[in-house]
Amino acid sequence: MESILKVENLKKYFPVKRTILETLRKEPQKYVKAVDGISFEVRKGETLALIGESGCGKTTTGRVILRLIEPTDGKIIFDGVDITHLDYEALRPYRRRMQMVFQDPYASLSPRMKIGDAIAHPLLIHNLATKEEAREMALKMLRRVGLTPEEEFYERYPHHLSGGQRQRVVIARAMILKPEFVVADEAVSMIDVSMRASILELLESFKKEYHLSMLFITHDIAVAKLIADRIAVMYLGKIVEVGPTEEVLKNPAHPYTMALIQAVPSIVKREKKKRIEITGEVPNAVNPPSGCRFHPRCPLMTEECRTKEPELVEISKEHFVACYHPLV
Ligand SMILES: Nc1ncnc2c1ncn2[C@@H]1O[C@H](COP(=O)(O)OP(=O)(O)OP(=O)(O)O)[C@@H](O)[C@H]1O
Ligand SMILES: [Mg+2]
C-alpha cells in the first residue's frame, strides 16, 4: 500500500532553560529529547494510532510532522515529497492537505470568534472561497457534524458549547479543507465518555468520505482498538512496537506494550499470558537511560538491554518490535 506520510529518523529536542549559575559556569546546553529518532509510515486510507504514556512525545511527533514546530533532525515525506525543509510559501499547499485536531478543543478555539466563523476561517486563509461562500460551506459543515439548527450554532461562541460540541467544531474546522491527512491528538480524551463513541463515528465517517489517512494520537488503548488499523507504541521518544491493531493487542511483543494492555481489563486475555509488572516512573527525557530506554522498568532486563539499543525487528508479518526479549 502506498504511504501518504513517511518519517525517517525524526528527532525533536527542546533546549532546557539554563539557570544563571549554569550559564556562568558555561555548562553545556541540555535538551529534552522529546522525539528521538523515530521512523514510521501512514498508508493511504489507514488510521495509525500512536499510543504511550503522558510525556512520551506523541503530541510533539504530530506537531513536527505538520511542521508546526521545526524538526531537529530526520525527514518528513508527504505524498512522496520531502517537506522537511520547505519554506513558508512552498509549504502552503501542504498546510491545506494536512490538518490537526488538537488535544484541547477549548484552548484551540478563539473565545472571541463565533464558531461558524472559526469553521469558515481556513477557507478564507487559503483563498478558497468568498466570505459568502465560506459562510454557506460552514453552515453545511455544522449540519454535517450534527450541530443543528446550524444557523443558530453559527452565531454561538465556544463557551456556549459543551466539550463534545466543541470537539465537533474543531473537527469541522479541520475537515472543511477536505484534507488528505489528519493528525487527531487525543480527539476524545477530554470529553465525556458517553460522547466518545459518537465523536469517533464522526471521524470515521469523514475518513470514509474523504478517503482520509489519520495519525490518531491517544494514551487510551481501548480507543485505539476501536479506530486504528495499526498501532505504534511510543516510549520516551522512541517507537518500541508497531503492527496491525489486532496482532499487537493479541500478541504484544514488547513488555511495555504488554503492561499497557494489562492496565485495560476489557482487552486482556488473562488466561493466555504471563503478567508483566512494571515499576517506577517514566524516566527523564533529558537523560534517557542507556541501551533500551525501558530497561530500568523492565522485569526481563539483561546486560545487553543496558548497553545496546535494540532496533525494530519484524517478528511476524508487519509486526515489529525493538526488544531483545520479545514475548512472542
Ligand atoms: N515546547 C516545549 N518546550 C520544552 N519541552 C517540551 C515542549 N513541548 C513538549 N516538551 C516536552 O517534551 C516531552 C514530550 O511531550 P509531548 O507533549 O509530546 O508528550 P505527549 O506524549 O503528547 O504527552 P501527553 O499524553 O501528556 O499529551 C515532555 O517531556 C514535554 O515536557
Ligand atoms: Mg500530548
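Biologist: Thr245 first: buried or exposed?

Modeller: Thr245 is buried, at a relative accessible area of 7%. Buried means under 20%, exposed over 50%, and partly exposed in between, using a 1.4 Å probe and protein chains only. This is a predicted model, so local features need pLDDT of at least 70, side-chain atom pairs count only at pLDDT 80 or more, and totals for chains, interfaces and linings use all residues. Residues are numbered from 1 along each chain as its sequence is written, and side-chain values use heavy atoms, without hydrogens and water.

Biologist: Where is Thr245 found?

Modeller: In helix α10, residues 245–250. Helices are DSSP runs of H or I with at least four residues, strands are runs of E with at least two, and both are numbered from the N terminus.

Biologist: And what is Thr245 in contact with?

Modeller: Ala224, Lys225, Ala228, Asp229, Arg230 and Ile231, leaving aside neighbours within four places in sequence. Contact means heavy atoms within 4.5 Å.

Biologist: Switching to the core. How many residues does the largest nonpolar core have?

Modeller: The largest nonpolar core has 42 residues. Met141, Met175 and Phe206 have the most contacts inside it. A nonpolar core here is a set of buried Ala, Val, Leu, Ile, Met, Phe, Trp, Tyr and Cys residues joined through side-chain atoms within 4.5 Å.

Biologist: Which elements supply at least two residues of this core?

Modeller: Among them are helices α4 (115–125), α5 (131–144), α7 (163–175) and α8 (193–210), plus strands β7 (181–185) and β8 (213–218).

Biologist: What does Met141 touch?

Modeller: Beyond its neighbours within four places in sequence, Met141 contacts Ile119, Ala172, Met175, Ile176, Phe206 and Tyr210. There is also a second, separate core of 30 residues, including Ile4, Val42, Tyr94 and Phe181.

Biologist: How do α4 and α5 cross?

Modeller: Their axes come within 8 Å and cross at roughly 125°. Axes are lines fitted to C-alpha atoms, for helices over the stretch in contact, and angles run from 0 to 180 degrees between N-to-C directions. α4 and α5 are therefore oblique to each other. Under 35 degrees is roughly parallel, over 145 roughly antiparallel, 65 to 115 roughly perpendicular, and the rest oblique.

Biologist: Which residues meet there?

Modeller: From α4, Ile115, Gly116, Ile119, Ala120, Leu123 and Leu124. From α5, Lys131, Ala134, Met137, Ala138, Met141 and Leu142. The contact divides into 10 nonpolar, 1 polar and 1 charged residue.

Biologist: Which peptide bond is cis?

Modeller: The one from Thr148 to Pro149, with omega near 0°. Pro149 is in the loop between α5 and α6.

Biologist: Last one: where is Pro289?

Modeller: In the loop between α11 (255–262) and α12 (303–307). Pro289 is buried, at 16%. Not counting residues up to four places away in sequence, Pro289 touches Leu236, Pro283, His295 and Pro296.

Note on methods:
Chains are lettered from A and ligands numbered from 1 in the order in which they are written. Ala, Val, Leu, Ile, Met, Phe, Trp, Tyr, Cys and Pro count as nonpolar, Asp, Glu, Lys and Arg as charged, and the others, Gly among them, as polar.
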